[in-house]
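Student: Hi! I would like to take a close look at one part of this protein, and then see how that part sits in the whole. Could you walk me through it?

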Amino acid sequence: MVKTAKLSAALLTLVCLWCRGAQVPAQESLEALRKRAEKGSPEAQTVLGTMYRNGQDVRQDLGEAVRWFRQAAVQGYAEAENSLGFLYDYGGGVPIDHHEAAGWYRKAAVQGYAEAQLNLGWLYDSGQGFPIDHAEAARWYRKAADQGNADAAFNLAVMYEEAQGVTQDYVEAARWYRRAADQGMHIAQLSLGRMYASGRGVARDRSEAARWYRKAADLGLASAQYELSLAYSSGLGVPSDQVEAYEWMDLAVFRAHGPIREKYSAARDALTARMTPEQLADARRRAGEWKAKWAH
């Protein structure tokens, strides 16, 4: 289950990485930016590559993105090296080539560029293009995590919890989960809550577990909403409250997909036996308010 959470976090990270990148200076026109890029400015070339990659103020053109990223990357500009590696990694303007991606990631990573360190770690962790090497993945994740990268901190925590590439250490796992959780990563908040619920790596504390579940549940994470519902249903770390339990389980059903949605739906239906019609109506009303907010 932790591995699934790690994959979910990685997919979310990929979306974020695609959207992040150099921004056009507010006072600079596209024409002026292009002139600087043509004169060899790696910063301008990277900004222009990002614009073409994202379709920002220009027609999206991944081939042009590659061209500009490459011009900056061959000058040793770390952000461009990482961006070019990303396009080789996932296919955009160039054929997928994980070895080529790794080469560009490594150039940026050795310069201390945290996102490239994260990306290189993921290649080793997933075995894309070469054999899995969890120890090497952990080494690069740590470098990025030490710079405050939440995604790397989460992945490193998973490795300590699962004994992948490092000696199993729940204290270290909890520490790195907290690093990511404090930055608002809902999957890390859920994972930290589970550590408190089980007493692994931290003193067992059901109240603290529920507090972290609530943070992730408020962000819309279905599995955290499920855990929070169970806490309210059984009075674990929070006062027993069947209205709250139903509300959060209903939201878990709303946010979930696939077979897990059926599990949550069955759990929600089981809660109705403990509730009065008035309680059920109140719980559904409160859940409806959350759903309406998320719809916007």
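This is a predicted model: local features need pLDDT of at least 70, side-chain atom pairs count only at pLDDT 80 or more; totals for chains, interfaces and linings use all residues.

Student: Where does D57 lie, and between which helices?

Tutor: D57 lies in the loop that links helix 3 (42–54) with helix 4 (62–73). Take a look at its backbone: the phi of D57 is near 65°, which is a positive value in a residue other than glycine. Most residues other than glycine have a negative phi.

A163 is not a glycine, yet it has a positive phi of about 60°. A163 also belongs to a loop, this one between helix 9 and helix 10 (170–181). Its relative accessible area is 39%, so A163 is partly exposed.

G129 is found in the loop between helix 7 (114–126) and helix 8 (134–146). G129 counts as partly exposed because its relative accessibility is 38%. If we set aside the neighbours within four places in sequence, G129 is in contact with H98 and H99.

Helix 7 and helix 8 pack with their axes 8 Å apart, at an angle of about 165°. That angle is over 145 degrees, so helix 7 is roughly antiparallel to helix 8. The crossing of helix 7 with helix 8 is left-handed. On the helix 7 side, the residues making the contact include L118, W122 and Y124, and on the helix 8 side they include A137, W140 and Y141. Sorted by class, the contact of helix 7 with helix 8 has nine nonpolar, three polar and three charged residues.

For another pair, turn to helix 14 (residues 242–255) and helix 16 (residues 277–295), whose axes are 8 Å apart and meet at an angle of about 40°. That makes helix 14 oblique to helix 16. Here the crossing is right-handed. Among the residues in this contact are Y246, W248 and F254 of helix 14, together with A283, W290 and W294 of helix 16. The contact of helix 14 with helix 16 divides into ten nonpolar, one polar and eight charged residues.

Finally, let us step back to the whole protein. The model has 16 helices and zero strands. Its C-alpha atoms fill a box of roughly 75 × 45 × 30 Å along the principal axes. Of the 296 residues, 51% count as buried. In soluble globular proteins, nonpolar side chains tend to be buried together. The largest nonpolar core here has 96 residues, and F154, Y177 and Y264 touch the most other members. Helix 9 (residues 150–162) gives the most to this core, with nine residues. That brings us back to A163, in the loop between helix 9 and helix 10. And if you look at contacts between residues at least 6 apart in sequence, 52% of them join residues at least 24 apart.

Methods
Residues are numbered from 1 along each chain as its sequence is written. Side-chain values use heavy atoms; hydrogens and water are left out. Axes are lines fitted to C-alpha atoms, for helices over the stretch in contact, and angles run from 0 to 180 degrees between N-to-C directions. Helices (H or I, at least four residues) and strands (E, at least two) are DSSP runs, numbered from the N terminus. Angles under 35 degrees count as roughly parallel, over 145 as roughly antiparallel, 65 to 115 as roughly perpendicular and the rest as oblique. A crossing is left-handed if the near helix is turned anticlockwise from the far one by less than a right angle, and right-handed if clockwise. Contact means heavy atoms within 4.5 Å. Ala, Val, Leu, Ile, Met, Phe, Trp, Tyr, Cys and Pro count as nonpolar, Asp, Glu, Lys and Arg as charged, and the others, Gly among them, as polar. Buried means under 20% relative accessible area, exposed over 50%, partly exposed in between (1.4 Å probe, protein chains only). A nonpolar core is a set of buried Ala, Val, Leu, Ile, Met, Phe, Trp, Tyr and Cys residues joined through side-chain atoms within 4.5 Å.
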